[in-house]
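Reader: I have some time to go through this model with you. Could you take my questions in whatever order they come up?

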Amino acid sequence: MLYDFDQCLNFSKTAQAESSDILTIKSMLTKCSEVLPANIEMDKSGVDYIAKTESGREIYIDIKTRTQGCSKYWRAKSRSGESIPELAIETWSVIPNEQQKSGKIGWTLDHKKETDLILYRFDESDHGRAFLLCFHTLRMAAEKKIDDWRNSCKVDRQRNHGYYSESIFVRADWVLDSMRSVMCGHSVSERAFYVQQLLFAP
């Protein structure tokens, strides 16, 4: 399925949407004293808002807002019969093409991204809850699960000024479960580390 980037962008940049973004961030981020829209340069690098904590720490937040009516595409249901929202996992910001043969990696997989948190938000008619996720935990989960998600979830391409981007729409509960799995691992003992050095030493 193809989407038009400009239509989605116009929806996400309205004054009403900005006000809702700021109120949502303040309600979810504890000890948040102020939320300001990012400047144009930061916006281009994937930072939509800067939240300031009471201690003065700045937190960079990227907003991912779905257009109204997106819930009609959600296929999974919870035990209570409610639709389970899907979160967009961008694999390609620019799909490889004649002009950019190597393409440009999607924001979800971009190690260079300066964002601290990702806020997924929906129109209230689709889903009343928002998801505020740690970016790098999401990135690590996506790197591990990308092949599974590509084979089991909907993959869509979006037209963006003459080129195409690509996203996988993954059930929110699957994303959260995958994030939990990368946050919990096995500690490496000092002895195991020493043995590993002996085995792989040049």
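Reader: Is phenylalanine 122 buried or exposed?

Author: In this predicted model, phenylalanine 122 has a relative accessibility of 4%, and it therefore counts as buried.

Reader: And tryptophan 74, buried or exposed?

Author: Tryptophan 74 counts as buried because its relative accessibility is 5%.

Reader: How many aromatic pairs does a search of the whole structure find?

Author: The search finds four aromatic pairs. In one of them, the ring centres of tryptophan 74 and phenylalanine 122 are 5.4 Å apart and the planes stand at 85°, so this pair is edge-to-face. Tryptophan 74 belongs to the loop between S4 and S5, while phenylalanine 122 belongs to the loop between S7 and S8, so the pair ties together parts that are 48 residues apart in sequence.

Reader: What kind of pair do tryptophan 107 and tyrosine 120 form?

Author: Tryptophan 107 and tyrosine 120 form a tilted aromatic pair, with 6.4 Å from centre to centre and 50° between the planes. This pair also links distant parts of the chain, since tryptophan 107 is in the loop between strand S6 (104–105) and S7, whereas tyrosine 120 is in strand S7, 13 residues apart. Both tryptophan 107 and tyrosine 120 are buried.

Reader: Which residues form one aromatic cluster?

Author: Trp74, Phe122 and Phe131 form one cluster of aromatic residues.

Reader: Where do charged lysine ends sit over rings, say for lysine 154?

Author: The charged end of lysine 154 sits over the ring of phenylalanine 169, at 5.5 Å from its centre. Lysine 113, in turn, lies over the face of phenylalanine 135, and here the distance to the ring centre is 6.0 Å.

Reader: Switching to the core: which residues touch the most other members of the largest nonpolar core?

Author: That core has 24 residues, and the ones touching the most other members are Leu87, Ile89, Tyr120, Leu138, Trp149 and Val175. At least two residues of the core are supplied by each of S5, S7, S8, helix H4 (135–152), strand S10 (163–171) and helix H5 (172–183). H4 gives the largest share, with six residues.

Reader: What is tryptophan 149 in contact with, leaving aside neighbours within four places in sequence?

Author: With those neighbours left aside, tryptophan 149 is in contact with Ile89, Ala141, Ala142, Ile168, Val170, Trp174, Val175 and Ser178. There is also a second, separate core of twelve residues, and Leu29, Cys32, Ala51 and Leu119 are among them.

Reader: Back to leucine 87, then: buried or exposed, and where is it found?

Author: Leucine 87 is found in strand S5 (residues 86–94), and it counts as buried because its relative accessibility is 0%. Beyond its neighbours within four places in sequence, leucine 87 has contacts that include Tyr120, Phe122, Phe131, Leu133 and Ile168. The list also includes Phe169, and the C-alpha atoms of leucine 87 and phenylalanine 169 are separated by 5.4 Å although the two residues are 82 apart along the chain.

Reader: What share of the contacts in the chain, counting residues at least 6 apart in sequence, join residues at least 24 apart?

Author: Among those contacts, 56% join residues at least 24 apart.

Reader: New topic, the sheet: in what order do the five strands come?

Author: The five strands form an open sheet in the order S2-S3-S4-S7-S8, with mixed pairing. S2 and strand S8 (131–134) stand at the edges and have a single partner strand each, so one side of each is left without a neighbour in the sheet. From one strand to the next, the twist averages 30°.

Reader: How many bridges join S2 to S3?

Author: Five bridges join S2 to strand S3 (residues 49–53), and the two run antiparallel. Leucine 36 stands opposite isoleucine 50 in S3.

Reader: Which strands does H2 lie across?

Author: H2 lies across S2, S3, strand S4 (58–65), strand S7 (117–121) and S8, and runs at about 120° to S7.

Key
Residues numbered from 1 in each chain as written. Predicted model: local features only at pLDDT ≥ 70, side-chain atom pairs only at ≥ 80, totals over all residues. Heavy atoms only, no water. Helix = DSSP H or I, 4+ residues; strand = E, 2+ residues; numbered from the N terminus. Buried < 20%, exposed > 50% of the residue type's maximum accessible area, 1.4 Å probe, protein only. Contact = heavy atoms within 4.5 Å. Pairing = 2+ DSSP bridges. Axes fitted to C-alpha atoms, helices over the stretch in contact; angles between N-to-C directions. Phe/Tyr/Trp six-rings, centres within 6.5 Å; stacked < 30°, edge-to-face > 60°. Lys NZ or Arg CZ within 6 Å of the ring centre and 35° of its normal. Core = buried A, V, L, I, M, F, W, Y, C linked by side-chain atoms within 4.5 Å.
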